[in-house]
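Work through the exercises below with the model open. Each task is followed by its solution.

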Amino acid sequence: MSNLDFVSHYPQLFCGLIKNDWEDKTPNYNILGVPLDVSSSYRPGARFGPDKLRRILQSENFECVSEKGIDLTKYFRLKDWGNVGIINTDIEKSLRRVSEGVVDLISFQHPFLLLGGDHSITIGVGNAFEKANIPVHTIYIDAHLDLYDEVNESRFSHACSLKRLSELEIFDGATILGYRDFLKEQVDYAKKKNMLLYSTSSLHHQTSLYDFGTSLIRKLEKKKQHFHISIDLDVLDPSFAPGVGNPVACGLSSRELISLLSGIFNGLPSEKKFSWDIVEYNPLFDTSDITAFFVIKLLIELLGEQLKFV
Ligand SMILES: [Mn+2]
């Protein structure tokens with residue numbers, strides 16, 4: 001039996017692009033919700049993220065056409081596998097369930113997206129790749145480095161995610177983009193582990209974040225087998241993403257983040273395998289659904305850039 005034996009309550013979302021059941025057609029893209037926020041240290045509520053996004057994805061407010069004119073409904077068949085059955089009193093069991101679900105997603109050989117949940121869900125993703133024995137380079141987009149060894153006596157906190165990933169056998173380096181809230185010893189650790197570090201201000205000074213993203217991934221891709229792109233929405237300025245668990249001022253604009261990520265997918269060759277997650281969306285602290293509408297725009301633009309992978 002598959003570990004993915006749960007389905008979404010919403011049969012059809014996002015202009016019909018996301019369905020539970022594609023009947024005679026095979027899905028070419030998979031989505032899994034992970035409503036986990038047990039370890040949130042400051043503002044819990046990310047557990048409500050996946051279902052709130054699904055509610056908004058039912059709206060008729062969007063055309064599924066990217067700004068480059070790509071009509072996503074012609075090419076993408078996304079399957080929504082619903083939410084992982086999280087046990088909100090037990091993070092280790094919950095992460096085990098996340099990783100069991102992700103092992104199945106890996107086996108489908110199609111791109112997949114996880115909707116968090118806080119950043120601890122990425123630990124479950126790493127564990128799944130460890131089980132599948134696939135080396136992974138992580139593109140870690142975050143205002144924080146998440147390199148604490150322990151937070152509140154837990155090694156599975158959302159602030160320990162990159163530290164746990166860095167200890168895996170399959171850890172094939174990381175590129176950190178957009179950090180601006182950190183300790184010096186965390187930067188030292190990242191350098192010792194040969195991680196590439198780009199602060200928010202170093203990104204802000206690039207003339208084109210699209211070109212920067214493209215050249216960054218082109219330099220990396222030849223030596224890497226699989227890329228996991230982990231997007232913590234707190235990389236954005238809180239004025240663009242108020243609905244996050246740990247906001248940090250002076251972040252990227254929504255345009256800057258979309259340019260950076262579009263450039264990365266533009267530079268990634270079609271034969272490369274990748275997966276991604278969007279984490280820390282917290283509807284309890286969102287204002288007028290600003291953060292949710294950004295996530296939907298991010299999906300439209302990035303799926304447009306991912307056309308060559310489906
Ligand atoms: Mn963060």
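**Exercise 1.** In this predicted model, list the buried residues of helix α1 (residues 49-57) and find what they pack against.

Solution. Start with burial: G49, P50, K52, L53, R54 and L57 are the buried residues of α1. Next, look for their partners. These residues pack against strands β1 (12-13), β2 (18-19), β3 (29-34), β4 (78-83) and β5 (112-116), and against helix α9 (290-305).

**Exercise 2.** Which residues touch the most other members of the largest nonpolar core?

Solution. The core holds 89 residues. L32, V34, I176, L233, L260, I264 and Y281 touch the most other members. The largest share of this core comes from α9, with seven residues. Now take L233. Beyond its neighbours within four places in sequence, L233 contacts A241, V244, I278, E280, Y281 and T291.

**Exercise 3.** Classify the packing of helix α2 (residues 91-107) with α3.

Solution. Take the geometry: the angle is about 55 degrees, and the axes are 8 Å apart. The two helices are therefore oblique to each other. The crossing of α2 past α3 is right-handed. Then list the contacts. From α2 come L95, V98, S99, V102, V103 and I106; they meet I121, I123, G124, V125, N127, A128, K131 and A132 in α3. By class, the contact has 10 nonpolar, three polar and one charged residues.

**Exercise 4.** Is F129 buried or exposed?

Solution. Locate F129 in helix α3 (residues 121-132). Count the other C-beta atoms within 10 Å: there are 26. The cut-off for burial is 20 or more, so F129 is buried.

Technical notes. Residues are numbered from 1 along each chain as its sequence is written. This is a predicted model: local features need pLDDT of at least 70, side-chain atom pairs count only at pLDDT 80 or more; totals for chains, interfaces and linings use all residues. Helices (H or I, at least four residues) and strands (E, at least two) are DSSP runs, numbered from the N terminus. A residue is buried if 20 or more other C-beta atoms lie within 10 Å of its own, exposed if 12 or fewer, and partly exposed in between; C-beta atoms are placed from the backbone. Two residues are in contact if their C-beta atoms, placed from the backbone, lie within 7 Å. A nonpolar core is a set of buried Ala, Val, Leu, Ile, Met, Phe, Trp, Tyr and Cys residues joined through C-beta atoms within 7 Å. Axes are lines fitted to C-alpha atoms, for helices over the stretch in contact, and angles run from 0 to 180 degrees between N-to-C directions. Angles under 35 degrees count as roughly parallel, over 145 as roughly antiparallel, 65 to 115 as roughly perpendicular and the rest as oblique. A crossing is left-handed if the near helix is turned anticlockwise from the far one by less than a right angle, and right-handed if clockwise. Ala, Val, Leu, Ile, Met, Phe, Trp, Tyr, Cys and Pro count as nonpolar, Asp, Glu, Lys and Arg as charged, and the others, Gly among them, as polar.
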